[in-house]
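User: Hi! Could you walk me through a model I've just opened?
Analyst: Happy to, go ahead and show me.

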Amino acid sequence: MFTWFKQKNYPDFWKKYQEHFKNKEEHDLNTARFVVFDTETTGLDIKKDRILSIGAIAVTGNTMDVADSLEIYLKQDLFNSKTVAIHGILKEGNIIKSEEKEALVQFLDYIKNAILVAHHAAFDVTMINECLARQNLPKLKNKVLDTGTLFKKTTLCTSKDKLYALDELCTLFDINKHDRHTASGDAFITGIVFLKILAQLSATRKTTLKSLFYNPNRRGLL
Amino acid sequence: MKNTIAERIFDFLKDFPPFDVLQKEELYTISKNVKVVYLQKEQYIFKTDENIHDHFYVVKDGAVGIFREEDHTLVDECDEGDIFGLRALIRKDNYILSAKAIEESILYSISSELLEKVIHTNAQANKYLLASFVANIRNPYSGESIDSLFTQTEDLQKNTSNLTEVQSAQYSKNPITCSLNTSIKEAAQTMSSNRIGSIVITKEEKPLGIITDKDLRNKIATGQFPIEDTVKNIMSAPVITYPKNITVAEAQIAMLQHSISHLCITENGTLNAKLVGILSEHDIVVIHGNNPSVLIKEVKRSKTAKDLKYIREKAQQLLEGYITQNVPIFFIAKVISAINTTITQKAITLSIEEMDTPPPTKYSWLALGSQGRREQLLLTDQDNALVFENVPEEKYFQTKNYFLSLSDKVTHKLNTIGFEFCPAKMMASNPQWCLSLDEWKEQFNNWITKPDADKIMLCTIFFDYNLVFGNKELVNEMSESIFNAINTYEIFLNFLGLNALKNPPPLSFFRQFLVEHSGEHKDQFDIKARALMPLVDAARLLILSHNIKDFNNTVLRYEKLAEVEPQNKDLYVSCIDAFKILLQFRTQQGLRHGNSGRFIDLNTLNKTDRLKLKGCFKPIKNIQELIQVRFNLSQLL
């Protein structure tokens, strides 16, 4: 009764987002819509730090669709001059920026019920969930895959305990590191990493959408 | 809204044709809608007979092989920036070939509909795509958009329409003629009633000789011949003939070269064809200073080999100017070879003046190889030979020694001028190539009836001779003897055919490699051996097999072949286009690097160059296939 009441007060954009999860259509590796994304933040403290930009691109089968991509920059009061060197986003830059709420509206409308993919996904997902909490909204409902974890299932991984940085994977997979440390650039690179990992896995064993989520020793950044 | 990924794709595409000619906004719209496809090694993009996709592909990273499914032949290899799958643009039929990743690859897939929307106004990009497409279809001379295959030639013709030198000369049609036994008086009356300065003597509509005002003044008014004589006695013969499309500059050169004021225009430009017009000096209005004709005048005035060297250097500048102005290559070849011929003629007359006595008998100086074919644009080494009239045995050594020392002087002069000595000593100063008519006949007969690899090689050089100076009759007799020998020993043509096939063109380019049919790779491309010579050899073989005399220029040979074999016209026309493009390419390379332009470093070729060259390989492959079938060479190979 209480949850029903709470739900009723959610804004329309959240209701619309929720609707997508009622669709129980079965998907396999070739038909499922993945959204590979990355966030640039003011720092690594999930409570204090804020998201500066989100970049995302959709993957279906072996194809990334540039037309189905998202790139948003957020207005934040918090400014950390130490991380500017990494992401290059200035407080008063020329880029058009959205309020955090508006960014969430766009992001939810874009991801729908896609399977989210990110490198060390737990951090990016938590950062989004923190934004949602600030708007008094529940956590993301999407299934999530972490390329860092997925990589450990491949034969290329030599140390199961190590945390592989995106840069290391780029070197291992021979990927050009253009636009590293922009949300969109990292999302794109993560997309390529994701496709290469899937190819690696399919080459060595039977790989299904379901088997991607199976992980005996789950271990993320957090 | 900022789109980092699209910007990165834009940055990649903008360097490759046809995207390099698109407007910034056009290309950005395309970039925003690209799909990025990841392929594992051996993964197919599409297979033969599959329905065409609604997009085509650009290789971003890796490499894609295009295969013919029936026999698993590799048709092409595509690397970074290469486009494939363009069949999607014509939206009909299924894929003819299969495409498979031969390395792990990333492709950009572009919607054909979107591209069409964006570039329907961009003719240049459109043309490039068409050319790419045609270069990859199975049968390039099937008539399907043959016009757009060689985009370069079209551009050339368009660019030069305002150049007076290359405009066709306007000649007088319906020329006034008379027969051989017309009296001089009658002929003169016809000339005055028609108010013309010349009359052509014809037999069965073919021009035999010409009488001009000058002949009447010099030969009749002086009392040398009575006016009751027939025109036969005073006419100048043979006449100089040219085809209908002669250009102003060519006409000027021809008149200066032969010191004449009238040219006969015949149906096909030879003596043996119907007379269709007369072109007189008067018809040519030279409005502005004309470089080639000025140079030829200077040649005639020059006194030493050094003067000639200076003129040859100016000709080189003229050549460079023509190439940068994109003047049609065939026209350039005509002008430059006319200048070279005139220079050689002058070198010979200067040498004769240095001799103690005039030549003891009739003789002819022959240009061989590319000079003989009038296709020599860059300064290469000299290839020449000399034939002299048969003399009684006791006079033979004396005569031969005379011509050897004359040739020695000429070849030294040519060397000074810039035509370096032939390293293989294929020069008239070599006793082997300074022979009497009978010796030449015997030599040719020996080459033809007892061919081996060396003799066949000599045939490919010597059979492309062209008279530069001296007696025409001797040369005609030499040609006769070649054709007679071939007629009695036809298998010679099969040997010549084998030789024409010894250098198949490469398939394509791939990174810094040539893609060979056999799979052998090289990083330098020998444009002469692998592309120009196969076309030259094929033209020579086919023209000899048809028993056609007096055609020793590759373009003219193919034109003639197209005429006698109308069923193969498209193929021969594609060979002409390919030959012109290759010759221009070689000349450009040679000028750029100050060498013969023969070896091309593949790293210096951009996508457009590669595509242009690749378009030329197809006709070569096709003409070689025709030769293989026609001369039953498959069992000999």
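User: Which helices of chain B each supply at least two residues of the lining of the second largest pocket?
Analyst: Keeping in mind that this is a predicted model, those helices are α13 (369-372), α16 (453-462), α18 (491-500), α19 (527-545) and α21, each of chain B.

User: And which one gives the largest share?
Analyst: That's α19(B), with 8 residues of the lining.

User: What volume does the second largest pocket have, and which residues are closest to its centre?
Analyst: Its volume is about 910 Å³. The pocket is lined by 38 residues, and S370(B), R373(B), K528(B), M533(B) and R598(B) are the closest to the centre.

User: How does that lining split by class?
Analyst: There are 17 nonpolar, 11 polar and 10 charged residues.

User: Back to α21(B): how does it pack with α20(B)?
Analyst: Helix α20 (residues 554-564) and helix α21 (residues 569-593) of chain B pack at about 170 degrees, and their axes are 8 Å apart. Because of that angle, α20(B) is roughly antiparallel to α21(B).

User: Nice. Which residues meet there?
Analyst: From α20(B), T554(B), V555(B), Y558(B), E559(B), L561(B) and A562(B) meet K569(B), Y572(B), C575(B), I576(B), F579(B) and K580(B) of α21(B). The residues of this contact divide into 8 nonpolar, 1 polar and 3 charged.

User: Switching topic, what area is buried between chain A and chain B?
Analyst: About 1,900 Å², with carbon and sulfur atoms giving 59% of that. Chain A brings 21 residues to the contact and chain B brings 21 residues.

User: Which three residues of chain A supply more of its buried area than any other three?
Analyst: N62(A), V66(A) and E71(A), which supply 30% of the area that chain A buries against chain B.

Technical notes: Residues are numbered from 1 along each chain as its sequence is written. Chains are lettered from A and ligands numbered from 1 in the order in which they are written. This is a predicted model: local features need pLDDT of at least 70, side-chain atom pairs count only at pLDDT 80 or more; totals for chains, interfaces and linings use all residues. Side-chain values use heavy atoms; hydrogens and water are left out. Axes are lines fitted to C-alpha atoms, for helices over the stretch in contact, and angles run from 0 to 180 degrees between N-to-C directions. Helices (H or I, at least four residues) and strands (E, at least two) are DSSP runs, numbered from the N terminus. Angles under 35 degrees count as roughly parallel, over 145 as roughly antiparallel, 65 to 115 as roughly perpendicular and the rest as oblique. Contact means heavy atoms within 4.5 Å. Ala, Val, Leu, Ile, Met, Phe, Trp, Tyr, Cys and Pro count as nonpolar, Asp, Glu, Lys and Arg as charged, and the others, Gly among them, as polar. On a 1 Å grid over the protein atoms alone, a cavity is a set of points where a 1.4 Å probe fits but cannot get out, and a pocket is an open set with protein on both sides within 12 Å along at least five of seven lines; lining residues have an atom within 4 Å of a point. Grid points are joined across faces, edges and corners, and a volume is the space filled by probe spheres set on the points. Buried area is the accessible area (1.4 Å probe) that two parts lose on being put together, summed over both.
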